[in-house]
2 protein chains.
Amino acid sequence: MSTEQTQDPLVIFTPSGKRGRFPVGTPVLTAARQLGVDLDSVCGGRGICSKCQITPSYGDFPKHGVTVEDGALSEWNKVEQRYDDKRGLKEGRRLGCQATVQGDIVIDVPPESQVHKQVVRKAASARVIEMDPATRLYYVEVQEPDMHEPTGDLERLKIALKEQWDLDQVTLPQSLLPRLQTVLRKGGWTITVALHKSHEGGEQQIIEMWPGLTEERIYGLAIDLGSTTIAAHLCDLRNGQVKASSGVMNPQIRFGEDLMSRVSYSMMNPGGDKEMTSAVRTAINGLTEAIATEAGIRPFQILETVFVCNPVMHHLLLGIDPVELGQAPFALATSQSLSLSARDLELNVMNENAQIYILPCIAGHVGADAAAVALSEEPNKSDDLALIVDVGTNAEILLGDKSGVLACSSPTGPAFEGAQISSGQRAAPGAIEAIRIDPVTKEPRFRVIGCEKWSDEDGFWDLTAQTGITGICGSGIIEAVAEMRIAGLVDPKGLIGSAEQTGTPRCEAEGRTNSYLIHDGTEDGGPRITVTQQDIREIQLAKSALYAGARLLMDKREVDKVDRILLAGAFGAHISALHAMVLGMIPDVPIDKVGSAGNAAGTGARIALCNIGARREVETLVRQITKIETAIEEKFQEHFVNANAIPHATDPFPELLTQVTLPEVDFNTGGDGGEGGGRRRRRRRG
Amino acid sequence: MSTEQTQDPLVIFTPSGKRGRFPVGTPVLTAARQLGVDLDSVCGGRGICSKCQITPSYGDFPKHGVTVEDGALSEWNKVEQRYDDKRGLKEGRRLGCQATVQGDIVIDVPPESQVHKQVVRKAASARVIEMDPATRLYYVEVQEPDMHEPTGDLERLKIALKEQWDLDQVTLPQSLLPRLQTVLRKGGWTITVALHKSHEGGEQQIIEMWPGLTEERIYGLAIDLGSTTIAAHLCDLRNGQVKASSGVMNPQIRFGEDLMSRVSYSMMNPGGDKEMTSAVRTAINGLTEAIATEAGIRPFQILETVFVCNPVMHHLLLGIDPVELGQAPFALATSQSLSLSARDLELNVMNENAQIYILPCIAGHVGADAAAVALSEEPNKSDDLALIVDVGTNAEILLGDKSGVLACSSPTGPAFEGAQISSGQRAAPGAIEAIRIDPVTKEPRFRVIGCEKWSDEDGFWDLTAQTGITGICGSGIIEAVAEMRIAGLVDPKGLIGSAEQTGTPRCEAEGRTNSYLIHDGTEDGGPRITVTQQDIREIQLAKSALYAGARLLMDKREVDKVDRILLAGAFGAHISALHAMVLGMIPDVPIDKVGSAGNAAGTGARIALCNIGARREVETLVRQITKIETAIEEKFQEHFVNANAIPHATDPFPELLTQVTLPEVDFNTGGDGGEGGGRRRRRRRG
């Protein structure tokens, strides 16, 4: 007998490459578990859940140094046969809990059989999401009650979870207790429970249960609760797949466009905070209903929700009067992450026991949304110095690399979202989202949402006949102002020239200032779309706040330039890097070093939803971030004032100037020039 | 210099006798803490709560081997002076946190300064309650927010609790979070929190909070939720004092008098369990309101409630359909103790964050009330073999000593509470509670609730004119039947003799049976109070069930007699031992070995309310108790049948016969004798 023959068969798993020898007759699932191979199972190896499907490979594997003979796995047994008859097993697949090792074997674990599947994300993104959700399903067989050994059904369920899944400290909320006996009996003493594990360890809570082995899928919501919009992703908690995405306007807008107006509303109106809390919770309930309908699921299948939001939204969601956030020292009621139940927040459309996780806030003005951006974009792991700007009604700004991260928020106001702009509108079909102005003729051409063509291309007018040209959205207004600057229609101070000064009748006098006509739709019953002097002022205020915040962090970090810039935010993803830089929204960097992180806050929420370890990670990260409070930094005011010019009064933009020429014009006619460069007010936070 | 002079002063505490040497200048509170002396403090040694008052003693103490000189404690300081001016310190008292050690000293800690005060209990009782409540007040000074080191107010509160009280893992429920910022600012960054510690360790939850050092007292409810009555004690959580006691009828009575009728109601009426749950919760809310009013406190000061109840009441309180408890194997939904929030049970009169503790159930028919009796009466610590019978609509029976405890429940029905008895009524003024029948004249004399005199004493009729003689309560009917047996009006089989057979016209024919007239109040517009043949049958069924349960436990324990008997239950306290034994309710023991434990279940609830360690104790005890299910024991039927006779068909009662003579009579006239001894039906459980 050779030595080889006396050895147990060698089992090699791919793609992990993990290998080990196991006695003949060992189930593949057992071998996988002992080697720490990621192979799923909900039923605990009873051949009923089919989550442990594997694909054996036969033949020569010189790479692994084995030859796999036919018969290296046991024959199909009755359980597999029954499963195949009933539901069908894919060609070449076996059930890992039934097939046993008979000889050397190479076993592939397909992605859908892995617990820690990786979620494929669209577009360029900093990180891959690995599935390790807080809520998972477990199937157990519970011992029947015995009159001679009286114990409660719950106690026997706990014993089953301990014995069959090694789960300790399991609790059942009071609201589920009344259903337990029925579910156990209906399932013939088998049950599937959805168990939520705290990321801090300790207790594990059952949040839903089904008789027998459930076919039900469980879902989670990742919600980015913004001042202006509430955006939600519905994710399958098994594989992280986004089943539906949806958004609604934040109904708190009727109490104030920006954060500080909402804080003021609360200060001026007793009970105003409660009105706003109630409004946002109602909206979230409506959104939950809508997204469930869109995905074709029942809302009670939503067992978890993760929120990211700025501190004012955070407090209002929690029912806390945000008044302290309106004045120094901007004290948060609580800054740590929160683990709550849906019931606590009156979120009564999703499962009543759904668990809520709210990311930690960084500081009084730097919220859980900024924490989510940090989690998603990982500046703390960056080799080069990254500036991450989450553009919204309030901008969250992060600057850092491996050696440390700084954060602040800056009150840009809603101009970047098309609000407080004369022809401004939300990003919706019919809104101008891109614009180019011919530097010679000063004529514009543009593109609207819902149509791929530019306005000077054939077919544009037919294609847009239905939506019409309705206004300018956030990215459109940024491009418009930047293009006007490039075309010499606006001077560095932000003054729009007259028809005379610019040589185009599109520059029209409006009282003592001028505006630029982009499109006159009045003949077709549409609006006249112009950029007014006031619009330019609003954009200047917004971009100055953004730039000043970034500069302040650079000062703290003692640098004059950054290596790369990431624009984030629902809208940040659509901003043209070149135009943002012409405007002076962001510091000067090589144009190819400006990237888009998409809705990084929303992505951060999804990461925290799908991976419990990410919750610990963001909590640690938040503690390590250096918080800068813009409101109390003298330097911020100075940066703000200097950033008013387009692109900037003092900072050179050498990289930008390799890309475009910015005409040296000055439309200050002396008389009311002060109205141009001089009128600089500090925007209220928000 | 002698050795003594170089030593630190000796500090001796009484009554503990703990002693140690401390450097000159050590505050007495510090010395007490280091020695583990039980000295209270809420403010943490800041001289504002006055809980740490001590009495220094001066002069020679040969017993302790010290002489205490004047000046052994520091002079009064400003803090003590201010406290004395403002609130007054008792003569000789000092504040332990302010007075410092200057020389050898003997210090007495008065009872009111001890945390673990002992609660004085009325009457004979098995154990003293030592105060160690789950909920206590803590005063802390919280650091103000700092813009440069942004953290949440909650996080700084947690740090203060850790630093000032060494309290870890503190949580704040979501419902309190909205108030936190206001309370902290109102208290000038000082706050008192009521903290609830889980008896299982781990998390500690803030359940109420006040600005600064609160004057507010906090209370707990101990509730004995019975099938017929709900009884509550309101206790001061600081010293265990019962501030008020109150009870209401369980409104579930309208769905069924006994437990099994309620289970049936639920089975027959969809949603019936929910009706009963709602009824009992509403009643508890009303009782909470009433008891708070009686004690002159506000209901939100009630921060804790402990429940004891039988399994059916337990399930209905929790909103669980009790249907499984109506049939073998009598499976409880949960048997372990439960820690909930008042909100979970819709108990919305007490503090919304009040913590609820429900004692564990022993088995499907042996509930948390039996567990409470075991906790209160401690059969597990008894040297002799004790039989404890908690008499109610369902009897809880415990038998045991140090070597082990057995438990069962037995369905006695409500006869012992005066229900299903023709002249029966609840114990209330006007009800006959004691009765004696002259063996010669067969004339009765009696006493009613609300009057100390017997009916044959002068003034009785004047004193009872207002209430009248309205009926017979539970203890009255037991005495009546026993006295009828002693007087030869009832034979051992339970048959009432005719006027002819007994020689008294008070024995009146009623159809084919006889009844005995106790009192004819018809002339005064009152009722005729009689004991009918059917009444005797009801009492026989009830007492047989009780005796059979006790006998069954004795069989299991393999004994023929017990050493002592404790009668417990709201009504058990009022039963005459002799009469109970004549009736054959309880086994034969020397009459002086029958004691009363009062409302032992209610006492058990109070113990668990006042002492967190008692919760762990009862949970351990319950696991160790051997559960006997009467419903499935053949022997129970046999015991039940034999126990029908008065006092018993087969068991001798030698101890009883040293006390009374039981006439050998037989009123069976042959014809319908079967109606007497033969009609034995198994009562439905309840």
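In the predicted model, helix α9(B) passes helix α16(B) in a right-handed crossing. The two helices, which span residues 368-377 and 612-624 of chain B respectively, pack at an angle of about 110° with their axes 10 Å apart, and α9(B) and α16(B) are therefore roughly perpendicular to each other. On the side of α9(B) the contact is made by B:Ala371, B:Ala374 and B:Leu375, and on the side of α16(B) by B:Ala614, B:Glu617, B:Val618, B:Leu621 and B:Val622. By class, seven of the residues in the contact of α9(B) with α16(B) are nonpolar and one is charged, with no polar residues.

A right-handed crossing is also found where α13(B) passes α17(B). Here helix α13 (residues 533-557) and helix α17 (residues 634-642) of chain B pack with their axes 8 Å apart and at an angle of about 130°, so that α13(B) and α17(B) are oblique to each other. Helix α13(B) contributes B:Ser544, B:Ala545, B:Tyr547, B:Ala548, B:Arg551, B:Leu552 and B:Asp555 to the contact, while α17(B) contributes B:Lys635, B:Phe636, B:His639 and B:Phe640. The contact of α13(B) with α17(B) comprises six nonpolar, two polar and three charged residues.

Chain B also contains an open sheet of four strands with mixed pairing, in the order β10-β12-β13-β11. Its edge strands are β10 (135-141) and β11 (170-171) of chain B, each of which pairs on one side only. Strand β11(B) is joined by two bridges to β13 (residues 204-211) of chain B, and these strands run parallel; within this pairing, B:Val170 has B:Gln204 of β13(B) as its bridge partner. Two helices lie across strands of chain B. Helix α4 (residues 153-165) of chain B lies across β10, β11 and β12 (190-197) of chain B and runs at about 100° to β10(B), whereas helix α5 (residues 177-186) of chain B lies across β12 and β13 of chain B and runs at about 50° to β13(B).

Further along chain B, strands β15 (residues 229-236) and β16 (residues 242-249) run antiparallel and are joined by seven bridges, with B:Leu234 standing opposite B:Ala244 in β16(B). The hairpin of β15(B) and β16(B) has five residues between the strands, and in this hairpin B:Gly240 takes a positive phi near 80°.

In chain A, five strands form an open sheet of mixed pairing in the order β2-β1-β7-β3-β6. Strands β2 (19-21) and β6 (94-95) of chain A stand at the edges with a single partner strand each, so one side of each is left without a neighbour in the sheet. Strands β3 (residues 53-57) and β7 (residues 105-108) of chain A pair in the antiparallel sense over three bridges, and A:Thr55 stands opposite A:Asp108 in β7(A).

Most residues other than glycine have a negative phi, and most peptide bonds are trans. In the loop between α2 (28-35) and β3 of chain A lies A:Ser50, a residue other than glycine whose phi is positive, near 65°. A cis peptide bond, with omega of about 5°, joins A:Thr14 and A:Pro15, and A:Pro15 is placed in the loop between β1 (10-14) and β2 of chain A. The peptide bond from A:Ala328 to A:Pro329 is likewise cis, with omega near 0°, and the place of A:Pro329 is in the loop between α8 (311-317) and β18 (338-341) of chain A.

The two chains are superposed, chain A on chain B, by a rotation of 180° with 0.1 Å of shift along its axis, giving an RMSD of 0.2 Å; the two copies are thus related as by a two-fold rotation axis. Among the residues of chain A, A:Gly202 comes closest to the rotation axis, with its C-alpha at 4.5 Å. At the interface, 35 residues of chain A are in contact with 35 residues of chain B. Helices α4 (153-165) and α5 (177-186) of chain A each supply at least two residues of the side of chain A that touches chain B, and the largest share of that side, four residues, comes from α5(A). By class, the side of chain A that touches chain B has 18 nonpolar, nine polar and eight charged residues. Since 100% of the interface residues of chain A are also interface residues in chain B, the copies meet through the same surface.

Methods. Residues are numbered from 1 along each chain as its sequence is written. Chains are lettered from A and ligands numbered from 1 in the order in which they are written. This is a predicted model: local features need pLDDT of at least 70, side-chain atom pairs count only at pLDDT 80 or more; totals for chains, interfaces and linings use all residues. Two residues are in contact if their C-beta atoms, placed from the backbone, lie within 7 Å. Ala, Val, Leu, Ile, Met, Phe, Trp, Tyr, Cys and Pro count as nonpolar, Asp, Glu, Lys and Arg as charged, and the others, Gly among them, as polar. Axes are lines fitted to C-alpha atoms, for helices over the stretch in contact, and angles run from 0 to 180 degrees between N-to-C directions. Angles under 35 degrees count as roughly parallel, over 145 as roughly antiparallel, 65 to 115 as roughly perpendicular and the rest as oblique. A crossing is left-handed if the near helix is turned anticlockwise from the far one by less than a right angle, and right-handed if clockwise. Two strands pair if DSSP finds at least two bridges between them. Copies are superposed by least squares on the C-alpha atoms of residues with pLDDT of at least 70 in both.
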